[in-house]
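Here's a quick tour of one protein model. Have the viewer open and follow along.

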Amino acid sequence: MDTEKLFSIIPIKNIKGVLPKSVTDIAVDSRAVSAGGVFVCIEGFTVDGHSFVQKAVDQGARVIVASKPVAVDLEKVAVVYVKNTDRAIALLAPHFYQYPSKRMTMIGVTGTNGKTSVSNMIHTILQHTGERSAVTGTIGFNLDGTLMETENTTTDVLTTQKMIHQAAEADCSTMTMEVSSHGLVEGRLAGTEFDIAVFTNLTHDHLDFHGTMDNYGHAKGLLFAQLGQDLSQRKFVVLNADEPWSERMEKMTSYPVLSYGIRREADFRARDIVLSPDGTSFKMETPVGDFTVRMNVIGEFNVYNALAATAALFAKGMEMEDIINGLSVIPAAKGRMEKVETDLPLTIYVDYAHSPDAIEKAINAVLPYKKAEQKLIFVIGTGGNRDRKKRPIMAEKASIADYVILTTDDPRDEPYESILSELEAGMAHKRYAAIGDRAEAVKHAVSVADAGDIIIFAGKGHEDFQIVGHEKLPHSDAAIALEEAERKFRKGFIETE
Ligand SMILES: Nc1ncnc2c1ncn2[C@@H]1O[C@H](COP(=O)(O)OP(=O)(O)O)[C@@H](O)[C@H]1O
Ligand SMILES: [Mg+2]
């Protein structure tokens, strides 16, 4: 890109050295700098980009953007000094990629729970009709079936713009993004212009970061406020009518609202819901008539997710018939009440619930069809060094299960004892065990199970690791459980080790 044009977008304090005519790339990680590129020094939580300037130059950087003095050979590189490099990258990134979000229909999904599920439903339904679509979030960046890993649910501003650019270049007509409250507050969505903003729900989570529910609600609301004020544009807001915080989100935007829900009047409303272990069916009332929906995903929470996805796609202009057809093929999002395939006499689900509300929803997904003779065993852990207030509330919700195993989910530097005792404080009954080592906890779940029982492993979902100390160790609830179940339930099972 033409260097002068690129830098015309930011306020500059001064320039040292001579700017090249054009630059090839832009990076905030010195390892990602390419020859002839720009390196922007960002001060992160743990490292300061200003200390990596020489590395960037060695990699071929031609321009450095800095807010503090940097020593470089001005014969080789130019330095652009700005007041604040965070603000500089927020402006430079979308400008460099020529505002790719304007070239597609952008759908943003926010809320405490359901973001991954709703965004993947939208993506799957779009693909089912043959549309090119991309989706990004906790599970990664999925472009035309190729999945690339992402570091966070909402990536940094440069990565975000780069992904949107890649999707636009691949001729995707829609990109759906999971939008986290952290991402919104930290400005990682600068330059991302959404057309449709979807709200799932707001319940207790991340209060270590936001402090109060009010701040947390406000953070989520930014997605709606940031839709802008150009009301000549066709933009929509999709809100959950059964969620009290929706009223607040509605006040934060002037764009038209499409509502969805089960319990209250809504534009998209589900009735006659039938939950079964293998799927869900219901009648959907919509502004254009009633439809019968059959889905392979389980739990009432997925009815909400399906309604949210439907309203978003309807806002985009998709035919209802196509949406209903698409809903019939959506698989469970990876690690979201995902049934583990086995012919052993156990029903095992892997789930990502790690907030009190999600735990309640996960358990309620199986209760309607659980028989009296079946036990529901629920394994739940919390992370170390994170939101401690939610621990007892999580255990209290988990108490709905017949037997609960309290454990850890990425204990990090925190000792097992404090995690477990804070969880135990919330237990409503004594039918539980507290086991810090997650692998042992999983084995214990199988050991207390009788043939026919149901086990839900919550918290890890799609993740295949456990963070202990500063190490990321491989871990799979499903693999450990299956191995243990083979040993216990398979007739003639022979130990191989
Ligand atoms: N609409 C919903 N309401 C409440 N809980 C939900 C909802 N959708 C999913 N869940 C629960 O929350 C967990 C996380 O779901 P996910 O779609 O990954 O949400 P997010 O991306 O917002 O974290 C799931 O495993 C499930 O237990
Ligand atoms: Mg997610």
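What follows covers an annotated domain, a glycine in a loop, and the nonpolar cores.

First, the ground rules: this is a predicted model, where local features need pLDDT of at least 70, side-chain atom pairs count only at pLDDT 80 or more, and totals for chains, interfaces and linings use all residues. Residues are numbered from 1 along each chain as its sequence is written, and side-chain values use heavy atoms, with hydrogens and water left out.

An unreviewed UniProt entry puts "domain: Mur ligase N-terminal catalytic" at residues 24-97; such annotations may be inferred rather than shown by experiment. That stretch is 24% helix and 18% strand, with its end C-alpha atoms 11 Å apart. Helices (H or I, at least four residues) and strands (E, at least two) are DSSP runs, numbered from the N terminus.

Now look at Gly 37, in the loop between strand 2 (26-27) and strand 3 (38-40).

On to the cores: sets of buried Ala, Val, Leu, Ile, Met, Phe, Trp, Tyr and Cys residues joined through side-chain atoms within 4.5 Å.

| Core | Size | Residues include |
|---|---|---|
| Largest | 38 residues | Ile 122, Phe 282, Met 284, Leu 307, Leu 327 |
| Second, separate | 29 residues | Val 179, Leu 184, Leu 202, Tyr 216 |

Beyond its neighbours within four places in sequence, Leu 307 is in contact with residues including Tyr 260, Phe 268, Phe 282 and Met 284; contact means heavy atoms within 4.5 Å.

Key: Chains are lettered from A and ligands numbered from 1 in the order in which they are written. Buried means under 20% relative accessible area, exposed over 50%, partly exposed in between (1.4 Å probe, protein chains only).
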